[in-house]
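Here is a short briefing to read alongside the model. Take a moment to turn the structure around before you start on the points.

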Amino acid sequence: DDLGLPGGKIEQGEMPISAACREAVEELGATICNPILVKVAKVNDISVFIYRADVIGEVPDHVNAEGAMVRWVAPQEICSGTFGKFNKKYIMPLVL
């Protein structure tokens, strides 16, 4: 499996926290609350805003509008695939 986390670009005039909420809906079909900025990382001159948030309700396994499979995984699983190196460096220290 090639595992990644929800994310995307901030639209013009949009605040990072609003982008995080929008991307959760677009990519997960989930509404989030209580988003907390936990890290801003610089990756290839791009600022990456990493938020932790609560999900309202349940998000069942499904294929999203972008054609990607959405499912819950153990934190250790996100260290494989295309995003594995990024997740291991920036995400794992935040969840373990």
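Contact here means that heavy atoms lie within 4.5 Å. This is a predicted model, in which local features need pLDDT of at least 70 and side-chain atom pairs count only at pLDDT 80 or more, while totals for chains, interfaces and linings use all residues. Residues are numbered from 1 along each chain as its sequence is written, and side-chain values use heavy atoms, with hydrogens and water left out.

**Helix α1 and the segment before it**

- Helices (H or I, at least four residues) and strands (E, at least two) are DSSP runs, numbered from the N terminus.
- Glutamate 23 sits in helix α1, which covers residues 16-28.
- Its contacts, leaving aside neighbours within four places in sequence, are Gly7, Gly8, Lys9 and Leu28.
- Buried means under 20% relative accessible area, exposed over 50%, and partly exposed in between (1.4 Å probe, protein chains only).
- Glutamate 23 counts as buried because its relative accessibility is 8%.
- Alanine 20 is also found in helix α1, and it counts as partly exposed because its relative accessibility is 22%.
- Leaving aside neighbours within four places in sequence, alanine 20 is in contact with Ile32 and Tyr51.
- Methionine 15 lies in the segment before α1, and it is exposed because its relative accessible area is 54%.

- Rings of Phe, Tyr and Trp (its six-membered ring) pair if their centres lie within 6.5 Å; planes under 30 degrees apart count as stacked, over 60 as edge-to-face and the rest as tilted.
- A search of the whole structure finds 1 aromatic pair.
- Phenylalanine 86 and tyrosine 90 form this tilted pair, with 4.8 Å from centre to centre and 40° between the planes.
- The two residues are separated by about one helical turn because they are 4 residues apart in helix α2 (residues 84-95).
- Phenylalanine 86 is partly exposed at 25% relative accessibility, whereas tyrosine 90 is buried at 13%.

**The largest nonpolar core**

- A nonpolar core is a set of buried Ala, Val, Leu, Ile, Met, Phe, Trp, Tyr and Cys residues joined through side-chain atoms within 4.5 Å.
- Which residues make up the largest nonpolar core? The 6 residues are Ala41, Ile50, Ile78, Tyr90, Ile91 and Met92.
- Helix α2 gives the largest share of this core, with 3 residues.
- Leaving aside neighbours within four places in sequence, alanine 41 is in contact with Ile46, Ser47, Val48 and Tyr90.
- In soluble globular proteins, nonpolar side chains tend to be buried together.

- Asparagine 34, in strand β1, has a positive phi of about 55° although it is not a glycine.
- Aspartate 45 is not a glycine either, and its phi is positive, at about 65°.
- The place of aspartate 45 is the loop between β1 and β2, and this residue is exposed, with a relative accessible area of 75%.

**Distances along and across the chain**

- Methionine 15 and proline 60 are 45 residues apart along the chain, and their C-alpha atoms are separated by 28 Å.
- Alanine 20 and cysteine 79 are 59 residues apart along the chain, with 21 Å between their C-alpha atoms.
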